[in-house]
Amino acid sequence: EGNYFTAHSMVKSYYLQVKVQGFEWIRTAVSMLGGMADSSLLHGHDKIESANPAQVFFAMKYANKERTRDNSTSATLYASFNTFGKLEDVEGFIEVTFEFNTIYETTQTETIRVTDMFETEQVKDKRWIIIDKVIEIIPPEGATGGMSPGVNNWENIEGNITV
């Protein structure tokens, strides 16, 4: 009916969020989400290519950093990423894996299944993946956090200083 068509975006933007406890131990945080489409077809509305599932890799940012009752720090980690969308017939689970590199040169990973979240209106309509689990970052044995400067064997020295 005429020379007009309805344009739509082939690329979908998602927002991912998770809370962490022990934020003071994190140097960097990255994530990987599987089960996404690696391409989309130009012809046909929302026809994504399902032959090769893609892993989407992205860095996490933080907001809402606050001190908790036990004197550790919690924060909300978030990221926005682009993909062609979720594959309709994903075999297995859709999982997001978080990798936290700590200030003590250790790595902690946490994998969370998010398959069912893609069936909610929040993800379908808004494309917000809000994980309600709090991830606890485990400090290394004996870690006290930060520097603890001090002076040992302090001696009184008497003498003249020429200025």
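**Exercise 1. Find which residues Gln 108 touches, leaving out those up to four places away in sequence.**

Solution. Start with the contacts: Gln 108 touches Phe 98, Glu 99, Phe 100, Ile 135, Glu 136, Ile 137 and Ile 138, where contact means heavy atoms within 4.5 Å. Before going on, please note that this is a predicted model, in which local features need pLDDT of at least 70, side-chain atom pairs count only at pLDDT 80 or more, and totals for chains, interfaces and linings use all residues. Residues are numbered from 1 along each chain as its sequence is written, and side-chain values use heavy atoms, with hydrogens and water left out.

Next, look at the side chain of Gln 108. One of its polar atoms lies 2.8 Å from the backbone oxygen of Glu 136. A polar atom of the Gln 108 side chain also lies 2.9 Å from the backbone nitrogen of Ile 138.

**Exercise 2. Decide whether Gln 108 is buried or exposed.**

Solution. The relative accessible area of Gln 108 is 14%, so this residue is buried (buried means under 20% relative accessible area, exposed over 50%, partly exposed in between, with a 1.4 Å probe and protein chains only).

**Exercise 3. Describe phi and accessibility for Asn 64 and for Arg 127.**

Solution. Begin with the background: most residues other than glycine have a negative phi. Asn 64, however, has a positive phi, near 55 degrees. Its relative accessibility is 53%, so Asn 64 counts as exposed.

Now turn to Arg 127, whose phi is also positive, near 65 degrees. Arg 127 counts as partly exposed because its relative accessibility is 28%.

Conventions: Polar contact = N/O pair within 3.5 Å; in protein donor to acceptor, adjacent residues only side chain to side chain.
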